[in-house]
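Subject: Structure handover

Hello,

Please find the structure below, followed by notes on what was found in it.

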Amino acid sequence: MRTAPGALPTGISPGPRTSTGRLGWLVLPALLIFTTFAVVPLIGVFVLSFTSWDGIGAIHFAGLGSWKAVLTDPGLPHALWTTFLIIVLSWLAQTPLAILLGVFIAGGQKYRALLAVLFFLPLLLSAAAVSIAYKALLDPNFGLGPGLGLGFLTQDWLGRGTLAVGVVIFIIAWQWIPFHSLIFQGATRQIPVSMYEAAQLDGAGRVRQFFSITLPQLKNALITSSTLVIVGSLTSFDLIFVLTGGGPNDATRVLALDMYLTGFRANQMGLASAIAVILVVVGLILAQLLQRLGGKERNSQLEGA
């Protein structure tokens with residue numbers, strides 16, 4: 001019996017294709033949730049950016065008025081610069097330490113499990129609680145410095161622009177390094193032990209193994225962690241709002257805080273929506289650039305995979 005070209009012989013079912021089709025339905029709930037809670041609000045914010053609304057009364061169409069006001073605002077370049085500064089400094093402060101901690105706690109020693117638990121304690125605290133605690137500790141009159149008689153700590157940390165930015169970077173790093181070290185810990189444990197055994201046979205020491213085996217194998221984890229650092233820095237609002245309120249002299253006024261103050265302090269939802277759209281566009285561009293820098297290869301880097 002002859003069959004048409006490309007057709008399956010009688011009695012053989014297209015199993016893999018049917019399984020793939022059935023598995024495709026499993027994507028629908030996630031797609032529905034993503035559309036409801038991400039795409040629809042984003043479209044709503046984009047539409048609001050072309051309106052004039054105080055948040056309570058009637059919404060009036062304003063055309064490009066909100067966009068013109070935002071793009072000609074002299075405070076926008078400063079907010080963008082501060083946002084980029086915090087992104088770069090946060091990455092530099094978090095990523096190297098997170099890699100080292102992740103590789104360290106990926107070992108098999110028992111005490112490392114205890115250290116891993118201690119490392120993750122900052123993640124249990126909210127950003128507002130952390131900000132209030134550090135604000136009290138760094139108080140130049142009643143904080144940790146005057147209390148312990150430590151002169152180098154008795155400074156107006158949140159009253160000077162440069163010091164305030166440094167404090168913000170330090171607190172963000174203190175709270176989020178454990179999370180990123182968890183990513184690198186998991187990626188390190190996926191590296192085949194045989195690679196290290198072969199390197200030892202070749203006489204490579206621990207430092208050489210780290211730079212020649214561990215670090216290259218953490219490439220995908222590094223891209224993931226860096227993307228999360230960028231997104232987290234772009235949306236840093238609660239910690240900065242409680243700690244400095246954007247001051248002193250707008251030294252820590254990032255784009256997310258500018259959006260909040262414009263929308264909920266000045267009651268200009270149209271302008272705030274335009275800032276929110278700019279924030280989304282900046283985040284998408286940075287994330288895309290990071291993916292391009294990581295290369296097009298998305299396959300596993302593991303040996304033999």
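The largest pocket holds about 600 Å³ of space. Of its 18 lining residues, Val103, Tyr196, Arg206, Gln209 and Thr214 are the closest to the centre. A pocket here is an open set of points on a 1 Å grid over the protein atoms alone where a 1.4 Å probe fits, with protein on both sides within 12 Å along at least five of seven lines; lining residues have an atom within 4 Å of a point. Volume is the space filled by probe spheres set on the points.

This is a predicted model: local features need pLDDT of at least 70 and side-chain atom pairs pLDDT 80 or more, while totals for chains, interfaces and linings use all residues. Residues are numbered from 1 along each chain as its sequence is written, and side-chain values use heavy atoms, without hydrogens and water.

H10 (206–217) gives the largest share of the pocket lining, four residues. H4 (75–105), H8 and H9 (193–201) also supply at least two residues each. Helices are DSSP runs (H or I, at least four residues), numbered from the N terminus.

The whole structure has one salt bridge (a side-chain nitrogen of Lys or Arg within 4 Å of a carboxyl oxygen of Asp or Glu). Arg253 and Asp258 form this salt bridge, with the closest N and O atoms 2.5 Å apart.

Regards
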